[in-house]
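Keep the 3D view open as you read.

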Amino acid sequence: MTRKRPHSLTMMLALIATAAVHATEPEWEDDWSDDWGEESTSPWQPLSGFIEAGTGRRLQTDEAGLGSSTLSQLIARLESGYQGQQWQATMRLDAGYDDVVDGWLVDVRDLSVSTSVGEHTQLKMGRQVLTWGTGDYLFLNDLFPKDWQAFFSGQEDQYLKAPVNAIKTSWYGNRFNVDLVYMPRFEADNSINGERFSYFDPISGGKVAPGHSPNEPSDDAAAARVFWSTGQTEYALYGYWGHSGQPKAIDFDSGFPAPQYARLNAYGASLRTTLAGGLFNAETAYHQSLESTSSTQIAPPDQVLLLLGYESELITNLTGSMQYYLEHTRQYGDYLSTQPDPSKATDQNRHLLTLRLGYRAWQDKLQLNLFTFYSPSDRDFYLKPQASYRVDDRWLLSAGLNLMNGRDNHTFFGQLDDNSNAWLRLRYHY
């Protein structure tokens, strides 16, 4: 039996238009309820969500042989929940079809229950999106899973944060607060693996597109945050015990090099405060690799990370922010000795600068954003301009570019030059 595939944005838009017509058909209202008294408020939230079609194309030919399409999806979001006095529940589900990978998709973004335990403690259990830290697109202590394929293909920013099965306990005190997160099974990033975008392989010395990821370890993971405020300054301490979200170790047990997720502990701190009419943030982290290099394994090195950022309103409706990021590799000589080609290894000190500009107009119906990454050490860059226009309360049109390039084909953004793309999304809220 042959399954019919949606091959174009035209067909996707037609499906959205059909759904929109049905969603806006008038319904008969029950006028009797007003005559017989007030209706009781139901704890169940009404079903809502959106339907979205997205398309994206490469701006050049891919050296590894991938096709021109980088985004081709039709998805529907379903949201509902329960708000009782003792228990609350949330359901947020995406379902649809992805033509790039030729398959149906189901993404449970949130399926959780929460309740109060005593006067100061909140417990949330189930699948949920977790995040903390002060970085803008830069994550030092936020080591919960990320979806980098969604990020580089032009999907909405919310999809960069991937969901995870977890138990989160939050305790709120008079002077400080504590978040404890336990993940029964570690879940890795949806990283660049050749399925949608090609990347540089240090073993082969070129760009590849194998289209698969290594098996995730079955270990559990945990994270903790202690945070408090003093005046206008927010402070936080972080801890993480699990694995690296990307396969940074290489294992040779099977006779050929295989990427693996290395065991990782991370410890860090951050602050955010007002400064000169804007917001200043600083964050640091120490990533401790628990793996050791041997005759059958290459382990990633320990790293020290630093982030400094500042954000302010430049003029009316125009905001700007800048960040400086440093990635320092410890035991750099030992790290170089394990690399297949030391000339293509990451610098001991990798520097990264970012700039964000955001402008709102026409009563916030039009939003223009530009985010730029530039690494003076790697000599590569990533430009992410995008625009969105809200036609009315139901229709939203968004478009943008993902432009990556660099001097060398092995640096973080330089390896992605064949993946530069343009994208377009149309969304209908119901």
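Before going on, a word on the ground rules: the model is predicted, so local features need pLDDT of at least 70 and side-chain atom pairs count only at pLDDT 80 or more, while totals for chains, interfaces and linings use all residues. Residues are numbered from 1 along each chain as its sequence is written, and side-chain values use heavy atoms, with hydrogens and water left out.

Side chains of opposite charge can pair when their charged atoms come close. Take glutamate 52 and arginine 425, whose side chains form a salt bridge with an N to O distance of 3.4 Å. This one links distant parts of the chain: glutamate 52 sits in strand S1 (residues 44-58) and arginine 425 in strand S23 (residues 421-429), 373 residues apart. Strands here are DSSP runs of E with at least two residues, helices are runs of H or I with at least four residues, and both are numbered from the N terminus. Are the two partners buried or exposed? Glutamate 52 is buried at a relative accessible area of 6%, and arginine 425 is buried as well, also with 6%. Buried means under 20% relative accessible area, exposed means over 50%, and partly exposed is in between, with a 1.4 Å probe and protein chains only.

Next, look at arginine 92 and aspartate 110, which meet in a salt bridge of 3.6 Å, N to O. Arginine 92 lies in strand S3 (residues 87-98) and aspartate 110 in strand S4 (residues 103-117), so this pair ties together parts that are 18 residues apart in sequence. Aspartate 110 is buried, at 6% relative accessibility, whereas arginine 92 is partly exposed at 26%.

Aspartate 408 pairs with arginine 407, and their closest N and O atoms are 3.2 Å apart. Arginine 407 is exposed with a relative accessible area of 53%, while aspartate 408 is partly exposed at 22%. Some salt bridges share partners, too: Arg77, Glu79, Arg92, Asp94, Asp110 and Lys124 are joined that way into one network.

Now for the rings. The whole structure holds 25 aromatic pairs. Rings of Phe, Tyr and Trp (its six-membered ring) pair if their centres lie within 6.5 Å; planes under 30 degrees apart count as stacked, over 60 as edge-to-face and the rest as tilted. Tyrosine 137 and phenylalanine 151 have ring centres 4.9 Å apart and planes at 70°, so they are edge-to-face. Tyrosine 137 is in the loop between strand S5 (121-128) and helix H3 (148-153), and phenylalanine 151 is in helix H3, so the pair ties together parts that are 14 residues apart in sequence. Both residues are buried.

Tryptophan 395 and tyrosine 428 make a tilted pair, because their planes are at 55°, with ring centres 4.9 Å apart. Tryptophan 395 is in strand S22 and tyrosine 428 in strand S23, so this pair ties together parts that are 33 residues apart in sequence. Tyrosine 428 is buried at 1% relative accessibility, but tryptophan 395 is partly exposed at 25%.

Back to tyrosine 137: together with Phe139, Trp148, Phe151, Phe152, Phe371, Phe373, Tyr382, Phe412 and Phe413, this residue forms one aromatic cluster. Tyrosine 137 also has a positive phi of about 70° although it is not a glycine. Aspartate 364 is another non-glycine residue with a positive phi, near 70°. You'll find aspartate 364 in the loop between strand S19 (349-361) and strand S20 (366-375), partly exposed at 36% relative accessibility.

Finally, which residues does tyrosine 325 touch? Tyrosine 325 is in strand S18 (residues 318-329) and is buried, with a relative accessible area of 7%. Not counting residues up to four places away in sequence, tyrosine 325 is in contact (heavy atoms within 4.5 Å) with Leu138, Leu140, Leu305, Leu306, Leu307, Arg350, His351 and Leu352.

Notes
A salt bridge is a side-chain nitrogen of Lys or Arg within 4 Å of a carboxyl oxygen of Asp or Glu.
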